[in-house]
Amino acid sequence: MTAIEFRGVSDADAPELLRLHNRAFVAQWDSAWWSWRYSDLPRGEAAILGAFREDGRCVGMYAGARLALWIQGETTFALSQSDVSVDSELRGGPGRAKLVTRMAKRFFAEHTGGSTQLTYGFPVPPLRRVISRFVGGQILCDVVFLVNELHAGPPAVDPREIDVRAVNRFDEETDDLWERERERFPAALVRDSTYLNWRYAEHPLAYELLEARDAATGRLRGVAVVREGGIDPSVSSLSDWLVPLEDLAAESALLERAKAYARGCGSTALVAWFASMGAHFQRFQIRHGFFARATAHQEQFSAWRDGVDRDWLQANWYQTMGDIDFF
């Protein structure tokens, strides 16, 4: 095999990395999408390892985004592994497996530990096996979606109590909501306005940002994000959710608006994802008519923090559909 150089990348490498991405994946990115994911991160930074031939062609890439993580009462970082690709010329033979293994070992050695105390991703099975065998990645859980088929029901809340509106961006009131809500989350990506606006308002895809406000006072009581598409083009996705568990009125009003959005898109269902041991997974089924749907996806993680293991994360990590970067 031709000699390959493994190295970090610069902005000058972006066009070649983007070409590799689009050779390797069905989902085609343009420069704006690449910049959103890797150049415009709100607090962290991109972690990208490239494998380059002598002629400058990129034949492998292992990439992720460092995102602010609230865990055990403090803010640190998680690394979302999101873009591991190998050139088609190396697929199907021993060269591919060797290249992926070398990239994984070096990537984890250079970009994990310290302030990056958790990595997570949803790799395809061959990559999952490499991460498990060579860098100690562990399976956290099967990904089980929640599906609501949009059947009509009685009004869930008095419309005079809650006003749900679409907004272009979230603001400092969302920061206040996050500051209050984070105390109930032993672990979660930091869901303040900085993160939510980057993840959704600035994303190349179209997301609808929703606020639930007290109709009498205007106070923000919850936020949600929805989009058309997801696990397949026929559905809409409930991408993010930050609503106090005790506020059943705001919860119901936001879900009714999300289902109305899905109907307006012509979708067959509204799909959500929460950790299966968390309160939302059970509540959405019992109270709001969602049913569980198994998928082929599994979440994998590695942790560098005392006391944070598989059992602890399963019981304590708050996640939503938007944590899966390709949704």
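The pairs are listed below.

| Charged residue | Ring | Distance to ring centre |
|---|---|---|
| Arg7 | Phe52 | 4.0 Å |
| Arg66 | Phe77 | 4.2 Å |

This is a predicted model, in which local features need pLDDT of at least 70 and side-chain atom pairs count only at pLDDT 80 or more, while totals for chains, interfaces and linings use all residues. Residues are numbered from 1 along each chain as its sequence is written, and side-chain values use heavy atoms, without hydrogens and water.

The structure holds 23 aromatic pairs (ring centres of Phe, Tyr or the six-membered ring of Trp within 6.5 Å; planes under 30 degrees apart are stacked, over 60 edge-to-face, the rest tilted). The ring centres of Phe108 and Trp304 are 6.3 Å apart with planes at 45°, so this pair is tilted. Its members are 196 residues apart, Phe108 in helix α3 and Trp304 in the loop between β13 and α9 (helices are DSSP runs of H or I of at least four residues, strands runs of E of at least two). Phe108 is buried at 6% relative accessible area, whereas Trp304, at 34%, is partly exposed (buried is under 20%, exposed over 50%, partly exposed in between, with a 1.4 Å probe and protein chains only).

One aromatic cluster includes Phe326 and Phe327. Arg227 of strand β10 is in contact with both of these residues (heavy atoms within 4.5 Å), and its side chain reaches the backbone oxygen of Phe327 at 3.1 Å.

Technical notes:
Polar contact = N/O pair within 3.5 Å; in protein donor to acceptor, adjacent residues only side chain to side chain. Lys NZ or Arg CZ within 6 Å of the ring centre and 35° of its normal. Lists of a residue's contacts leave out its neighbours within four places in sequence.
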